[in-house]
Each structure stands twice: as structure tokens, then as C-alpha cells.
Amino acid sequence: MSAFDSLGLRNRRSVPWESVPRETERGFRETVLSAVANGWRLASFFGMPEGQSDTRLLAVLAHDASGSLGATSTVVGDGFESLTPPCPEAHLFEREIAEQCGVVPRGHPWLKPLRRHAPDHLPPGREPIEVDREAYPFFRIHGEEVHEVGVGPVHAGIIEPGHFRLQAHGEEVLFLEIMLGYQHRGVERLLETARADRAVLVAESIAGDTVIGHAAAHCGAIEALARSRKTPRAQAIRGIALELERLANHIGDLGAIAGDVAFQPGASYLGRMRGECLNLLMTISGNRYGRGLLRPGGVLFDIPPGMASEARDRLEALRADLEPAATLMLESPSVLGRLEGVGGVPREKCLELGFVGVVARACDVPRDVRHDHPYGIYRFAHIPVATAWAGDVLARALVRWVEIRRSLEFLLEQLSVLPAGAPRVACGALQPRELVVAMEEGWRGEIVHVAVTDARGAIRRYKVTDPSFHNWTAVALALPGNQISDFPLCNKSFNLSYAGHDL
Amino acid sequence: MLDLLRTRLKQGTRTSGFPGEAPEFPERFRGRPAFDASRCGDGCAGCARSAPSGLIQPGPPPMVDLGACLFSPEEAAACPAGAVEFTRDFRMAASTRPGLRSETGEVELARALDQRSRRLFGRSLRLRSVVAGSCGGCEAELVALGNVVFDLARFGVQFVASPRHADGIVVTGAVNTNMRSALQATWDAVPDPRLVIAVGACAINGGPFRDSPEVGEGVPEELPVDLWIPGCPPHPLTMLDGLLRLLGRIEVGPRV
């Protein structure tokens, strides 16, 4: 048995399942806690049935400075001592383990349902656990003139379902609790049981605005397990698709923020330009969100030279329209006045609770999988990490704006130097008894897919972590101290996925 | 202020010419699938074995169910004889569920509402969106319908903030266990007469999540659906075409 950090585990490089340490519960706890104290963070933490009535807990740790990954595990019965009090970034993972596996993290300070469903990873020998899906104990503040506002699950616009419970004093928010799970579709079980060609369609549907991000992580995991090596051309096309997805969503988000502060020019110009990026994805893949493009082994659609030069022309035209429209928005005092100082996330909370993506980078935590755990095209074409420090709505908007320009540069460059090669190679059977971790920097942040195969090379456990899983807590932390009327603006500046969280 | 005006002039007018002008789609666009029964000679049922959805129900005679289509390249590739092909036809909304089934992939395009309903809704339709177990893709396209390109509001159709203000609901998602009661409560709160519009493969028959114990097979039978819009997700123009047909603003005509 080797130490957790000497398995040779890296992004998209699988290791034998036997090499993963199987420690005592106490040893596991000490390994995780000391790793986190030494600059590692929890990238994934989940349970899977082991034997008749036990659950194997697996922690995947990431060390961003060295680009390494580690893993350790332990076997527990129906409970274990919660890691959350000394290691708060475990809080949601432990709530998830309690709900999926029926294993109680004892001493967890906020043990509530996460998605509200019966355990779907319960060991076969354990009694089924009944769950009351309506029961959810909200935190309440009592006092004269304290009032409560409930929003959702059905919202006043075209928004995915979720419930927000605000405790407020007059207009000032004292506390926000977010109850999710309304979009729960049983995605992980589908990925574990469906045929391979159906599973990739499910992966494309984890979050409909992150089709490329999740499909890329899924394909990365499957390819590593099948020892399938993509060509540089396929890697470049995947990178182009991922940055187009980022471009579309970041531009759309800036437009939506403009809309929420009633700056109509920004909302209408940027909303239209988001569509231009989606239309470019449709030219390449036949679908506005890039469905059907990524498959294990590479991509289904090549970008021939004529299409590449047409795409470059369209991106140049987009850039010419985009610069003045975004500048108009981000230099208008009336817009800045509404974005600055609203919905701040403190940097130390980000580090403590493990926020990722734009949210982390906006409070000066430079986490970016493309930079920290590079893979595919990002090994050769580097995109500088964009950060801001204030952690507020404006900082999140500025990070997006910088990333828009960097993605545009990346796209224009890659489209003119596409390497030769086949767009897709064979991707055969999966290796038996292996563990793989595939990380991807989706437009919202870090996507993590973990897969474990059984003795026949079938998927034994498939774990999905969308960046929204971590970052919804940031929304809850950003609200107190703000006015209720700023809730939509704050929420929009995060623009998290309900489907990605709820799975 | 001058910058505002200058930018406004430069951005120009971007609204699509639809429905007056026929829209253009790129060559690879996967619209309505077509089925050529003459190429499916021996009825090998390879489609049923190897397609990731139930798009083709092997016969005899083989039937195409557009409601089950996930619009993935694999569904066409699954037929070894090449009898299934995605066309660039974006029009595929139907008034009835059987209208999405045929032997060729043709759709019985949506009919206009009766005269009384058209008098009520034809020039002003208010809709409430209920998302129930989706990936968020269909909602993104519903939001896109409101942008300056598709500009749904120019036809008098708007999404409203309360079911009490609505003339109907738009359902997206496979209708999962955790949203079933909220969907019912919203429907109960909409005053009569009212419409139901099912948008996307999930709302029609469960989409990619079909067979999961956490979801149903789309909009439950208790809700009387007036318009079925296939797609994963449907292109905004597929939705717009369906809505305008329902409102009698586009006549059912021959295909272009």
C-alpha cells in the first residue's frame, strides 16, 4: 500500500484500484486532514457499496501547485466521524454521502437533505431507507420585525427550480438558505447503468449550458480507462468547443447582469452576441450547444479548412461588435454603481469552503484546471488565469470579461493552426479494477468526474461534481447584509446550475 | 450619451425575418429526421438494438416517433442501411402526441386553436414556465426566444411572473418526483381557459433520463397538452414556429 500522494494519479491518468490506500477510519481521517492542512484540497469525496452492508469512502485530493492528485479510502458501516468541523470544505460531500449511501457523518454541524431522495448507493444487505422528500428543517431567525421571504421552486421567469428562504429585517437580508434537489434526475445511477452510447448523451445533459464541459470530462474518464489516445487534432477541436461554450455563457452572463440592473443596451447587444457563439457551435456540431460533437476517442465532426476560416471571420466580426458593447456597459457609472460592493464573497470563506471557477478567481483565488492540471490542448496552448480581488458582483463580471477576451484570442489562434490527424480514433473496452479522475475547467469552474471499474471492466461507481455543487454555498454567504431587492442581481452574477447541482 | 447612440447605430437591427422569410440553417444542423422505408428492406431491427433512443420502432411497418428523438448523430448511424437521416427542416411541433409518429418521419404540424381560443389568445398570450427535471437546455432556448433576434414579444407572447396572470404553462423536463407536486400546484393556479405546451424530448417522453426511477416519462397524462415541441433542445425557431401555428399566425402549408 502506498501513500495517498504517490499513486501516480493525475488528471485523466488512471491507476489500479488496488493501489488506492485502504486505511482505518482513523487513519483516513488523519490523512485527509493533514493533506488539507498542507495545501491539498478535496476535489471529490463519495461512497460506494462494499460487500453486503459496508460502504467504501473515497477521497480524491488535489494539489494545484504541483498538478498532482491523490486518493485514499476507508470502509465504514452506517456512520463515521464527520470531517466537516476541522475541514469545512467536506460539508456538502458529507451531506451527499449521507443521502446517497445512508452513512451518517456523526457530528456534522449542518446535516440536512441535499437533493431529497432515497439512498441510491445503499449496500445490498441494508434495509431500504424511507425519505420524506417534503421535510426540510429551515434555519429561522426569530425576533420582532424579522420576517421571512420564500422564493421558488417555480420562479417568476424562465429559471430552473430551486427554493430560496430569506430571513430579513426590513430590506436587509440576515440569512439565506437554499434548498435544492428539484432538478434531481438520478444522473449518477444512469451513468453507472446505461449503455456507453446512451451514457454520453446523459453526460451531455448533466447541465444543458455545459454540454461540452461535462461531455469532455466524461470522455476523458472513459478514454483513460480504455487507454485510447486522442489525436492532437481532436484535442484542439475539443479545446475550441470548450472555449466557444465559455464565450457564449460569459457573454450571456454579462448581458443578463446588464438586464438585472436595467441597462437595456448591454442586455440586448450581449444577449444577441451569445447567440452568435451558439450558432458557431451549431455550424461545427449541428446543435447550438455542441451536442453530438464529443465522443470517447475524439470528436464526431471535423473542422475542415473552409469552416475554420469562416469561423475566424465570424469571431473577428463578433470581437468588433463586442468590444464597444462591453465597454459601454462596464464604463457606465450607473452600471458600476449597481455592481460595486454588492454580493461580496470573502476570500477566506472561499479557501475554507472550496469554491471554484469564476467565483474563486473573483476573490483572488487563482484556481483553474486548465492551468493547474493541464490536459489535452491546454498542455500546449496556455491561457493566463484571470483574477480580481473584491469578490463582489463587479469582480465576477470583470473576470468574465477578461476571460472572454482570452478565449477569443485562443480561438482565433487555434483555428488557424489546427494540427493534422484523424478527428476520432477507436475507444475500446475499459480496463478492469481501475480508478480515474477527469477534471475539466468548464465555464463555471472545475468539473470533476471520477470513475471506478469492476473486475469485468464495467463502471462500478461514477461520481459527478459540477462547480455549482461547491458554489451554491457562496451565494448563500454573499447575500447577508445586502438588500432583498439585490437578490436577483447577486444570484445572476453567480449564474449557477440547478441541474448540475441536483444531478 | 453619445457613446450610447453611437453603439446603438453600429449594432443595427438584428431581428430575424421569420416568419416572413425562410430561415437558413448550417449544413450539419440536425432537424427533423426522415425515414426512407424503401431502404429498410429486411427489417433487421438494428435501429432498435443499437440506437440510443426509441426514435424508430421496428415494424412491420417501422414507425418513427419524433417525440423519442434525442437528435444525436448515433440515431441516424444506428440504421445499417442508412434509412434514417437528419434533414434541415426545423418545423416539427404538433398538436397531438400521435402527430409526432409516422412511417416517414413527417410531422402532422400543429393546427391553429379553435376560433374562440384564437380570439382570446391569438394576439396576446401569457405563459408561465415550469421546469421539472431538465438539464436547463430547453430553458436556455426559451430565454433566447426573448432576445432581439427571435423577439417573441413582437407576437404578443410573454412569460409572466405568476400563474394567476397566465393563459397557460410551458413545461420543460421529464417531470421528476421532486417537481411533480409543484407542477400540479402551478397548473391548478392557472385560470381557465388554459393551455399546456410541452417543450423538448424530456417533456415529451423522458428524453435522455427516461428509465431513471427519479423521473416520469414527460408531462403526465392528467395535463391536456395543446402543443408538443420536439428537440434536445428545440431550436428557438422550432418553438416559435410551433407557437405561431398554434395561434393561427402561420397557416399549415406545404413544406419548403
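Predicted model: local features only at pLDDT ≥ 70, side-chain atom pairs only at ≥ 80, totals over all residues.
Start with the contact. Chain A gives 51 residues, and chain B gives 51 residues. Which elements of chain B supply at least two residues each to the side that touches chain A? They are helix H1 (2-11), helix H3 (73-77), strand E6 (125-131), helix H5 (137-144) and helix H6 (180-189). Now the classes. On that side of chain B, 27 residues are nonpolar, 15 are polar and 9 are charged.

Next, a helix pair. Helix H8 of chain A, residues 305-330, packs with H1(B). The axes are 10 Å apart, and the angle is about 150°. Angles over 145 degrees count as roughly antiparallel, so that is how H8(A) and H1(B) lie to each other. The crossing of H8(A) and H1(B) is left-handed. Who meets whom? From H8(A) come A:Asp321, A:Pro324, A:Ala325 and A:Leu328. From H1(B) come B:Asp3, B:Leu4, B:Thr7, B:Lys10 and B:Gln11. By class, this helix contact has 4 nonpolar, 2 polar and 3 charged residues.

Last, the sheet in chain B. It is open, with 3 strands in the order E2-E3-E5, and the pairing is antiparallel. Which strands stand at the edges? Strand E2 (56-57) and strand E5 (101-102) of chain B do. Each has a single partner strand, so one side of each has no neighbour in the sheet. Look at E2(B) and strand E3 of chain B, residues 63-65. They run antiparallel, joined by 2 bridges. In one of these strands, E3(B), B:Val64 is the bridge partner of B:Ile56.

Methods. Residues numbered from 1 in each chain as written. Chains lettered and ligands numbered in written order. Pairing = 2+ DSSP bridges. Helix = DSSP H or I, 4+ residues; strand = E, 2+ residues; numbered from the N terminus. Contact = placed C-beta atoms within 7 Å. Nonpolar A, V, L, I, M, F, W, Y, C, P; charged D, E, K, R; others polar. Axes fitted to C-alpha atoms, helices over the stretch in contact; angles between N-to-C directions. Parallel < 35°, antiparallel > 145°, perpendicular 65-115°, else oblique. Left-handed = near helix turned anticlockwise from the far one by under 90°.
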